[in-house]
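Morning, everyone. I have one structure to walk through today.

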Amino acid sequence: MRYFITLSYDGTRYHGWQIQPDGITVQQVLQDALSTLLRQEIVVVGAGRTDAGVHARKMVAHIDVNGEIQDTGQLVYKLNSFLPYDISVQHVKPVSEEMHARFSATSRRYRYFVHTKKNPFRKKYSCELHFDLDYELMNVAAAKLKEYADFGAFCKSHSDVKTTICAVIQAHWVNYEPDAWYFEIEANRFLRNMVRAVVGTLVEVGRHRMSLTQFEKVVEEGRRTGAGESMPANALFLESVEYNSLLE
């Protein structure tokens, strides 16, 4: 039987979501815990992969289990007792075999957090900036992302992607506290390092070091070297993964 798992994690200690040969990852830790508790070899398939140091408020994964899990609520309890402090499971739900954590997802939503005043309680999960930004202009640029389909300019070099085509559903900056903002972007899929590269390029616009026309040219030319620097990973959160079928 197939089950969907909804979880959240602090990515600080991990080399990203996907299993790596030379570093601890969220997928590996979750897979090991499930294999131990269910007493069978479990393979975890995630809705996507977050880079090293990136966090998730809502990641979704699926597993295939020989037999039926009699009490999914009890499994959630056991998983949270077994898993380290920085990974938390919210739900384990049975789904049809046609449902796939990655391919059935209709959209993913990310937020990137920035702040402008030194704050010891924000530093771990937000990027501290020491310059003013024109957020109104950045929002004009962000809205233009919905007009494009090819985001090769924001894809990490030498990535093993078959296509750089994505459909951006929304992209905007939100002022949630006097000295703190987040950039929210939702799309059907994301390329490796895409969100942090987009934010880095929008920051160039906000500093008036790149015009709107230049921003559009960067997207249209599709060269990573034309875009801004990739922003630090610690301020990026995968906020949600959405499906047509209700999971919770």
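Look at the helix pair first. Helix α3 passes α4 in a right-handed crossing. This is a predicted model, so keep that in mind throughout. Two packed helices are described by the angle between their axes and the distance between the axes. Here, the axes of α3, residues 135-144, and α4 come within 8 Å. They cross at roughly 135 degrees. That makes α3 oblique to α4, because an angle counts as roughly antiparallel only over 145 degrees.

Which residues meet across this pair? From α3, we have L137, M138, A141 and A142. From α4, we have L202, V203, V205 and G206.

Now the core. The largest nonpolar core has 81 residues. Five of them touch the most other members: L7, L34, L145, F154 and F183. Helix α4, residues 194-206, supplies the largest share of this core, with eight residues.

A227 sits in the loop between α5, 212-221, and β9, 236-243. Buried or exposed? A227 is buried, because its relative accessible area is 14%, and the cut-off is under 20%. Leaving aside neighbours within four places in sequence, A227 contacts A153, F154, T201 and V218.

Next, another loop residue. G53 lies between β2, 45-46, and β3, 55-64. G53 also counts as buried, at 14% relative accessibility. Beyond residues up to four places away in sequence, G53 touches G11, T12, Y14, A233 and N234. Now turn to P232. G53 and P232 are 179 residues apart along the chain. Their C-alpha atoms are separated by 8.6 Å.

Last, the cysteines. How many disulfides are there? The count is zero. Take C166. The closest cysteine sulfur to its own is in C155, at 8.4 Å. That is too far for a bond, because the sulfur atoms would have to be within 2.5 Å. C166 counts as buried, at 3% relative accessibility. C127 is buried as well, with a relative accessible area of 10%.

That's my tour. Over to you for questions.

Conventions: Residues numbered from 1 in each chain as written. Predicted model: local features only at pLDDT ≥ 70, side-chain atom pairs only at ≥ 80, totals over all residues. Heavy atoms only, no water. Helix = DSSP H or I, 4+ residues; strand = E, 2+ residues; numbered from the N terminus. Buried < 20%, exposed > 50% of the residue type's maximum accessible area, 1.4 Å probe, protein only. Contact = heavy atoms within 4.5 Å. Core = buried A, V, L, I, M, F, W, Y, C linked by side-chain atoms within 4.5 Å. Axes fitted to C-alpha atoms, helices over the stretch in contact; angles between N-to-C directions. Parallel < 35°, antiparallel > 145°, perpendicular 65-115°, else oblique. Left-handed = near helix turned anticlockwise from the far one by under 90°.
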